[in-house]
Amino acid sequence: EWIQLARVAYENGFHDLSLEYLDQFQKQYPESGQAAYGLILRGLNLRKQEKTAEAGRIFSDLIDAASPHSYRSLAYYLRGETNFARSRYPEAAEDFRNALAGTLEAENENPARQGLVLSLAYQGRYAEAIQALTEWRGRPNGSGREWRETRSNLIKLASGDLFQAIKQKDYQRVQSMAALLTERLDRDSQLDLVRYYQASAWLESGQRETALVQLEALTRSAGDDLAALAAFRLGDLFLQEKNYAAAAGYYLKAEQKTRDSQIRAAANYQLGILARRNRDYAGSGEYFQRVLKIPGDPELVEKAMLELAETAFLQADYQRALDLYREFQRRFPSSRQTEAARLQEAFCLYNLRRYQESQAVFADFIGRFPESPLAGKAYYGSGLVSIARGDKAAAARTWQEFLAGRSTIEDQAPMVLLLCRYLLEADRPAEALPYLKRLSGNASLEAGVRAEARLISGLAYLKQNDYQPALNEFESGLELPVPGEIREALLKNK
């Protein structure tokens with residue numbers, strides 16, 4: 001009667017009451033033939049109360065009991081569940097094996113096999129886990145819902161380990177694990193993420209063509225998000241190789257397939273960059289606008305707004321660009337790109353011929369960010385404003401003041417070239433030549449910059465009636481691969 005009361009109380013969730021009944025049972029019937037079952041019930045109640053260590057000790061006592069009883073296999077199974085709940089996976093696996101080797105009741109066989117497979121998987125012992133899964137499938141009650149769930153969980157655990165191995169750049173482990181899973185488990189869409197990580201490892205190991213074939217196949221995965229991820233990865237690969245048309249095709253496929261907001265936003269961002277590269281400014285702006293409407297990565301939204309403003313600037317829609325740059329500064333005051341947005345605000349005002357406002361913003365930038373890598377552009381813009389107002393001498397003073405404090409001037413080539421042209425107009429060619437030599441002699445600069453520096457140098461020498469050095473400069477400029485107006489000017493002056 002005490003045992004029956006304890007069982008009913010347990011089944012109805014009254015675990016304290018059930019334990020009281022079991023105490024009475026043990027006190028009144030210490031030698032009962034149901035003592036082993038009483039211990040099973042006590043352990044189950046303790047587990048429900050999350051006293052797993054105490055429950056584990058009770059199941060261990062039953063396993064180690066000298067007197068014979070019919071609950072040893074069940075005790076192994078329950079101790080296995082308890083060890084599993086405590087993340088003691090090696091002990092859990094051993095308990096489940098012992099339970100299955102005994103006379104376990106049919107209702108507990110599938111849960112025990114499930115516990116065995118997952119206990120092995122949590123240890124990274126995937127070959128043994130797959131073997132246990134395969135043996136289970138061959139049983140009369142195999143291949144059912146519990147088996148399918150266990151297979152799915154095994155693949156999820158393995159995918160998590162593969163992701164960590166990718167992060168640790170352990171590509172050999174990725175390849176060996178992926179090969180084990182794909183070769184020994186039936187092929188289906190659940191393994192597609194494993195194949196994606198396998199392709200990633202191949203890429204890092206130099207097996208590009210093999211990886212591309214796998215990624216292309218994965219773009220047809222039944223899982224849309226995985227297909228989109230594979231397409232996005234292919235887009236990145238072709239972008240790196242400057243195959244822009246192929247990259248755009250894969251980014252578009254990723255954007256169309258995915259339900260993941262981050263992938264969609266990233267794909268639209270890249271499509272915007274590529275459309276702008278093709279001078280499709282309207283299309284580019286549309287893609288960046290989409291990014292702003294997709295909830296997701298704040299950093300990507302920040303980048304998209306800045307790119308949208310840049311696209312409007314390139315379209316010569318300077319008022320819209322101005323509004324966007326100002327909005328960017330309001331929304332992202334702590335951004336690393338705030339300086340760039342502030343500088344572009346000044347250039348928008350310059351192009352709108354709002355020279356007084358533009359000059360004020362350039363001056364503010366120079367005052368606030370004197371050490372910024374963009375300071376040179378601010379000085380350059382300030383000089384342009386002076387020229388637009390008819391004061392070239394003021395522009396030259398601004399630029400010379402800036403360049404005088406720098407050890408390198410090559411990164412300010414547009415400013416230097418314009419300054420030197422002014423110095424020639426002002427009959428000050430000797431001042432121009434030192435600047436020009438530093439540009440023309442720097443092989444890292446674009447050929448067009450070096451050719452223009454040679455042209456202006458030649459004209460400076462002509463101003464001084466020094467013909468041979470002038471001829472040498474024109475000839476050196478013509479040796480550079482520069483078509484168009486610069487080349488014609490070099491030929492004419494030669």
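1. Quick convention before the charges: Lys and Arg count as positive, Asp and Glu as negative, with His and the chain ends not counted. On that basis the protein chain carries 64 positive and 66 negative side chains, and the centres of the two sets sit 3 Å apart. Keep in mind that this is a predicted model.

2. On to the fold. The protein chain has 27 helices and 0 strands. Its radius of gyration comes out at 37 Å, well over the 23 Å that the globule rule gives for 494 residues, so the chain is more spread out than a compact globule. The C-alpha trace spans about 125 × 45 × 40 Å along its principal axes.

3. How much is tucked away? Of the 494 residues, 47% count as buried. The chain exposes about 25,300 Å², and carbon and sulfur atoms supply 47% of that area. As for contacts between residues at least 6 apart in sequence, 48% join residues at least 24 apart.

4. The largest nonpolar core has 150 residues. Those touching the most other members are Leu154, Leu181, Leu215, Tyr325, Leu403 and Tyr435. Take Leu181: leaving aside neighbours within four places in sequence, it's in contact with Ile130, Ala158, Leu162, Leu191 and Val194. For background, nonpolar side chains in soluble globular proteins tend to be buried together.

5. Last, a look at Ser386, which sits in helix α21 (residues 375-388). Is Ser386 buried or exposed? With a relative accessible area of 10%, Ser386 is buried, because the cut-off for buried is under 20%. Beyond its neighbours within four places in sequence, Ser386 is in contact with Gln359, Asp391, Lys392, Ala394 and Ala395.

Note on methods. Residues numbered from 1 in each chain as written. Predicted model: local features only at pLDDT ≥ 70, side-chain atom pairs only at ≥ 80, totals over all residues. Heavy atoms only, no water. Helix = DSSP H or I, 4+ residues; strand = E, 2+ residues; numbered from the N terminus. Rg over C-alpha atoms; globule rule 2.2 N^0.38 Å. Buried < 20%, exposed > 50% of the residue type's maximum accessible area, 1.4 Å probe, protein only. Contact = heavy atoms within 4.5 Å. Areas by Shrake-Rupley, 256 points an atom, 1.4 Å probe, with all protein chains shown as cover. Charge placed at Lys NZ, Arg CZ, Asp CG, Glu CD. Core = buried A, V, L, I, M, F, W, Y, C linked by side-chain atoms within 4.5 Å.
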